[in-house]
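The questions below ask what stands behind them.

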Amino acid sequence: QVQPVESGGGLVQPGGSLRLSCVVGGIIFRWNDMAWYRQVPGKEREFLASISSSRDIYYADSVKGRFTISRNNDENAVYLQMNSLSPEDTAVYYCNRPRPLLSWGKGTLVTVSG
C-alpha cells in the first residue's frame, strides 16, 4: 500500500515560515502530479496546491502568494514552503497524488501560535 510520508511541521509564531516535505515511494514519482492538502479537526480536507509532472503549478486562493510548492523527482519528494503563517493556517498537512488518490499518510501538524 503506497502511502506518502509527510514531515516538517511544528510550532511557529504568526508571520513565521515552515517548509514541509513529503516522500512517496512505490510509484514512478516523476510521472505523477502531486498536491498538498490540509485538514482542521471537524472540517473537510482542503486543497492547497498542486504541481504536475511537467511542473505546472496551481494554488488555492487561500495560500496564493504565501505558499510555494516544488518537487524533486530524484528524491521522490514534494515540498511546501509556507511563509507569512497565521493562526488560521493551523492544521494537519498532507500530500497526495490527486488522481487517483493514494492512501492518506499520517500528515504533519502545523501549529501557528504566539
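Predicted model: local features only at pLDDT ≥ 70, side-chain atom pairs only at ≥ 80, totals over all residues.

Q: What makes β7 and β8 a pair of strands, and in which sense do they run?
A: Two strands pair if DSSP finds at least two bridges between them; β7 and β8 have six bridges, in the antiparallel sense. Strands here are DSSP runs (E, at least two residues; helices are H or I, at least four), numbered from the N terminus. One of the bridges sets Thr68 against Gln81 in β8. The hairpin of β7 and β8 has four residues between the strands, and Asn76 there takes a positive phi near 50°.

Q: Which strands make up the open sheet, and in what order?
A: The order of the four strands is β1-β3-β8-β7, with antiparallel pairing.

Q: Why are β1 and β7 called edges?
A: β1 (5-7) and β7 (67-72) have a single partner strand each, so one side of each lacks a neighbour in the sheet.

Q: How many bridges hold β3 and β8 together in the pairing?
A: β3 and β8 (residues 77-82) share six bridges in the antiparallel sense. Within β8, Val78 is the bridge partner of Cys22, and Tyr79 stands opposite Ser21.

Q: What makes β8 mostly covered?
A: Buried means under 20% relative accessible area, exposed means over 50%, and partly exposed lies in between (1.4 Å probe, protein chains only). In β8, five of the six residues are buried.

Q: Why does the link of Cys22 to Cys95 count as a disulfide?
A: The cut-off is a pair of cysteine sulfur atoms within 2.5 Å, and the S to S distance of Cys22 and Cys95 is 1.6 Å. A search of the whole structure finds one disulfide.

Q: Why is the pair of Tyr37 and Trp104 called edge-to-face?
A: Rings of Phe, Tyr and Trp (its six-membered ring) pair if their centres lie within 6.5 Å; planes under 30 degrees apart count as stacked, over 60 as edge-to-face and the rest as tilted. The centres of Tyr37 and Trp104 are 5.1 Å apart and the planes stand at 85°, so the pair is edge-to-face.

Q: Is Tyr37 buried or exposed?
A: Tyr37 has a relative accessible area of 11%, so it is buried.

Q: What makes Arg45 a charge over the ring of Trp104?
A: The rule asks for NZ of Lys or CZ of Arg within 6 Å of the ring centre and within 35 degrees of the ring normal. Arg45 lies over the face of Trp104 at 3.7 Å from the ring centre. The charged end of Arg19 likewise sits over the ring of Tyr79, 4.0 Å from its centre.

Methods
Residues numbered from 1 in each chain as written. Heavy atoms only, no water.
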